[in-house]
Amino acid sequence: QVQLVESGGGLVQAGDSLTLSCAASGRTFSSYVMGWFRQAPGKEREFVAAIHWNGAYTNSMKGRFTISRDNTKNTVTLQMTSLKPEDTAVYYCAASPVLGSSALQYNYWGQGTQVTVSS
């Protein structure tokens, strides 16, 4: 069992940077792939990035967003730069046994944190 709690969301202006954090509890954190998804109002949940315990990752926002994890602290972070109004969404942290971009692969989810980017 893994419990996930996101933090770091907020209201920023276009062009700003923001770092989201996800704290995980559970003894087997390091064995899970950790991912970030986002969901804007009226839209489907969208994959952002994911990272394996060994550092391998997949990132749909490469160039602006960076995912990293610290297995000693049971945390995963999402550094977001050059934010745009279209990045406005609820951002979710999730855990999966395999690396991938499908939400169906992720067994555990946090409650989400709101990111709002004003123009």
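**Note on a salt-bridge network**

1. Arg38, Glu46, Arg64 and Asp87 form a network of salt bridges (a side-chain nitrogen of Lys or Arg within 4 Å of a carboxyl oxygen of Asp or Glu). The whole structure holds three salt bridges.

2. This is a predicted model; local features need pLDDT of at least 70, side-chain atom pairs count only at pLDDT 80 or more, and totals for chains, interfaces and linings use all residues. Residues are numbered from 1 along each chain as its sequence is written, and side-chain values use heavy atoms, with hydrogens and water left out.

3. Arg38 bridges to Asp87, with the closest N and O atoms 2.9 Å apart. Arg38 sits in strand β4 (residues 33-39) and Asp87 in the loop between β8 (75-80) and β9 (89-96), 49 residues apart. Strands are DSSP runs (E, at least two residues), numbered from the N terminus. Both Arg38 and Asp87 are buried (under 20% relative accessible area; exposed is over 50%, partly exposed in between; 1.4 Å probe, protein chains only).

4. Arg64 also meets Asp87, at 2.7 Å, N to O. Arg64 lies in the loop between β6 (57-59) and β7 (65-70), so its pairing with Asp87 ties together parts 23 residues apart in sequence. Arg64 is buried too, as is Asp87.

5. Arg38 is buried, at 9%.

6. The protein has 11 strands and zero helices (a helix is a DSSP run of H or I, at least four residues). Buried residues make up 43% of its 119 residues.
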